[in-house]
Amino acid sequence: MKRFLLFTLMCLIMSTVSGAKDVKVISPDGELSVTVGVDGGHAWYQVIRGSEAVIKRSELGFILKDGNMNGNFKMGKVTRSALDETWSQPWGEDAKVRNHYNEMKVRLQEKNGQHRVLDVVFRAFDDGVAFRYEFPVQQGLKDFVIMEEVTQFALPTDAPTWSIPALTDYYEGIYTREPVSQKGNMSSPVALEVNDSLYMAIMEANLTDYSTMNLSHNGTTLAVDLVPWQNGDKVRVGETRVSPWRVMIIGHKPADILLSRMPLNLNEPCRIEDTSWLQPTKYVGIWWALQNQRWTWSQGERHGATTENTKRYIDFAARHGMGGVLVEGWNYGWDGDWTREGNKFSFTKAYPDYDLKALCRYARERGVRIIAHNETGGAAQNYENQMEEAYTLYESLGINTIKTGYVNPHFYNGELQHSQWGVRHFRKVIETAARHHMMIVNHEGAMPSGIQRTWPNLIGTESMRGQEYNAFDRKGGNPPYHECILPFTRGLGGPMDFTPGIFEYNNEAVPGTRPQTTLAHQLAEYIVIYSPGHMAADQIENYEHQPAFKFIEEVPTNWERTLVPHAEMGKYVTFARQERGTDNWYIGSVTDSEARDLSLKLDFLGDGKYTAMIYEDGPDADYRTNPYPMTIRRLDVDRGTVLHFHLAPGGGVAVGIIRK
Ligand code: NOJ
Ligand code: CA
């Protein structure tokens with residue numbers, strides 16, 4: 001007994017000396033660990049992979065309106081759990097998703113003053129780590145205001161970082177790569193190339209009733225920078241007692257980042273019981289002609305949303321197997337400066353030259369549905385006031401998808417789009433829509449954070465610089481590398497309504513502005529950019545008699561499994577995706593302004609014979625001088641075949657592989 005006591009005492013002394021009061025959680029494969037400790041009242045965490053520091057000691061805590069929760073902590077109880085489950089999603093890049101982690105919940109207790117407690121829950125996955133704060137209801141912490149979240153991510157080096165600036169251009173910026181120390185404030189997700197075997201993305205998951213996470217930095221230490229309310233409050237905590245997850249996806253190769261399903265796994269399971277009505281579809285629309293100013297949203301001679309035009313689009317959609325027709329400019333409110341007069345928008349009253357009811361019937365009879373467009377101009381309150389009535393009307397007409405829009409960085413009450421007020425508004429829209437069996441495609445709007453797991457009626461979001469800039473940008477359009485970086489950044493949060501598939505580059509409104517890609521690259525976007533309901537974005541006339549359109553007609557948008565055979569951030573990327581419920585595979589590859597030769601072994605195919613249709617850059621194709629040439633070839637392939645592709649500058653390749 002005496003020896004046992006002595007041994008225990010020695011262990012205790014040793015653990016104090018070695019700082020073993022720190023606690024640790026390790027990923028299921030043993031490679032990643034998160035250590036958490038408290039020093040001088042300050043709580044910190046660090047992330048190690050093998051013996052390599054991934055995140056150095058970084059601070060945790062809050063500055064509240066009512067006194068800091070930081071600098072006065074001691075560690076309280078630590079509880080542990082683990083999960084290994086596989087769940088299914090109604091639509092997605094994979095039919096099944098494995099959620100496998102070890103969890104450690106650490107209680108931080110104030111030593112003096114109010115003796116409040118804060119819990120931090122850490123999860124270690126094989127592909128990264130995440131944590132979030134929980135605010136137990138207690139004396140002194142019921143309804144309170146967060147003035148600052150002090151969470152840091154101390155990087156091990158001045159890592160090259162891909163990001164867009166925070167709080168500008170509706171988060172529709174161009175991602176650029178600089179050492180992190182040279183950045184201004186950034187929006188998240190950001191993607192980091194730390195070294196040849198360490199790639200990361202930092203983002204948030206499950207952004208619910210909180211404000212959006214931007215990132216500031218001090219040298220190489222990133223810090224959470226929350227989007228404020230107008231009066232400077234960051235988050236008003238009431239009913240929701242948890243923060244979003246702070247997520248670090250960690251990989252040896254760039255492709256590992258793209259295949260991580262942490263953002264989905266860190267969201268709550270699906271809240272929609274019967275998901276049978278969730279049927280996203282490809283769509284065409286009265287849209288590109290508005291972007292390039294041939295038609296107008298407002299009434300007049302060039303009004304786009306007329307009954308006649310819409311019928312032509314419905315006929316085209318029916319002929320080419322597209323399930324939806326988006327119609328913009330159909331409703332009252334567009335005639336003045338709608339970005340300032342959003343309160344004039346009616347979401348139920350159609351312009352006289354647009355017969356809403358007859359068109360919905362005409363569409364239904366042809367197996368097509370109208371996609372309603374609800375631009376708010378930022379007048380969110382005006383929208384909320386009409387939502388119930390509008391959605392009831394749409395439901396009665398057989399409409400099941402709404403594209404919402406918020407062309408205004410501020411709502412009319414002055415709050416920012418990415419503030420807690422905005423996050424609440426966008427969620428209210430999604431939940432109300434779900435009750436009415438409506439799918440939502442949200443333009444501008446909240447930064448996606450994986451909530452489509454919980455609310456799979458959110459089938460798409462913009463929150464990125466989409467194809468539309470290739471119509472109206474004054475600097476020529478998106479750079480060719482744009483689609484080579486989107487999947488590593490914005491794409492991690494959820495499906496992107498990028499609107500691919502422009503075939504005709506002539507632009508009278510803004511001469512010289514056009515897709516800075518080849519035509520084959522436009523096709524490859526259907527695979528590289530993930531969305532369960534892509535648009536064929538061009539005017540329908542531009543698809544007639546175009547052999548390349550066959551790929552858009554045939555490409556599925558729901559997947560069984562996704563692979564990433566090649567990837568370098570911002571340079572090139574290849575996705576291979578198996579169609580949901582079949583043995584067919586589709587491949588898309590895009591490159592930046594450099595030509596590339598890529599080889600791909602088809603060893604992911606099943607046994608047996610397949611036919612491949614390959615749409616690739618033709619001889620002399622070049623996005624600058626000669627964007628259109630395309631070669632289309634058919635090839636018999638099997639799992640032993642190696643395909644060789646030559647991608648032109650700004651080019652791409654799209655392949656459909658069908659089981660015989
Ligand atoms: C911006 C959206 O991104 C675009 O798709 C839409 O056409 C306009 N707003 C008008 O709502
Ligand atoms: Ca937009």
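Hello everyone, let's begin with two helices: helix 7 and helix 8 lie roughly parallel to each other (angles under 35 degrees count as roughly parallel, over 145 as roughly antiparallel, 65 to 115 as roughly perpendicular and the rest as oblique). Before going on, please note that this is a predicted model, where local features need pLDDT of at least 70, side-chain atom pairs count only at pLDDT 80 or more, and totals for chains, interfaces and linings use all residues. Residues are numbered from 1 along each chain as its sequence is written, chains are lettered from A and ligands numbered from 1 in the order in which they are written, and side-chain values use heavy atoms, leaving out hydrogens and water.

Back to our pair. Helix 7 covers residues 380-397, and the angle at which helix 7 and helix 8 pack is about 5 degrees, with 10 Å between their axes. Helices here are DSSP runs of H or I with at least four residues, strands are runs of E with at least two, and both are numbered from the N terminus. The axes are lines fitted to C-alpha atoms, for helices over the stretch in contact, with angles from 0 to 180 degrees between N-to-C directions.

Which residues of helix 7 meet helix 8? Among them are Ala-380, Tyr-383, Met-387 and Tyr-391, and the helix 8 side includes Trp-421, His-425, Val-429 and Thr-432. Contact means heavy atoms within 4.5 Å.

Let's zoom in on Thr-432, which sits in helix 8. Its relative accessible area is 6%, so Thr-432 is buried (buried is under 20%, exposed over 50%, partly exposed in between, with a 1.4 Å probe and protein chains only). Setting aside neighbours within four places in sequence, Thr-432 touches Met-387, Glu-388 and Tyr-391.

Now, the aromatic rings. The structure contains 37 aromatic pairs. Rings of Phe, Tyr and Trp (its six-membered ring) pair if their centres lie within 6.5 Å; planes under 30 degrees apart are stacked, over 60 edge-to-face, and the rest tilted. Take Tyr-406 and Phe-426: with ring centres 4.9 Å apart and planes at 85 degrees, the pair is edge-to-face. Tyr-406 belongs to the loop between strand 25 (401-405) and helix 8 (420-435), while Phe-426 is in helix 8 itself, 20 residues apart, so to speak a link between distant parts of the chain. Both of these residues are buried. There is also one aromatic cluster, whose members include Trp-297, Trp-330, Trp-338, Phe-345, Tyr-354, Tyr-383 and Tyr-394.

In which order do the strands of the 6-stranded open sheet run? The order is 28-29-30-35-32-33, with antiparallel pairing (two strands pair if DSSP finds at least two bridges between them). At the edges we find strand 28 (559-568) and strand 33 (630-637), each pairing on one side only. From one strand to the next, the twist averages 15 degrees. Inside this sheet, strand 30 (residues 585-591) and strand 35 (residues 652-659) are antiparallel and joined by 6 bridges. One residue to look for is Ile-587, whose bridge partner in strand 35 is Val-655. Helix 11 (residues 519-528) lies across strands of this sheet, including strand 30, to which it runs at about 125 degrees.

Another open sheet has 9 strands, ordered 7-8-9-10-21-17-16-13-14, again with antiparallel pairing. Strand 7 (73-88) and strand 14 (176-179) are at its edges with a single partner strand each, so one side of each has no neighbour in the sheet. The twist here averages 20 degrees between one strand and the next. Strand 9 (residues 117-125) and strand 10 (residues 128-134) run antiparallel, joined by 7 bridges, and Ala-124 faces Val-129 in strand 10.

Last, a few loops. The phi of His-545 is near 60 degrees, a positive value in a residue other than glycine. Finally, Ser-188 and Pro-189 are joined by a cis peptide bond, with omega about 0 degrees, and Pro-189 lies in the loop between strand 15 (186-187) and strand 16 (190-195).
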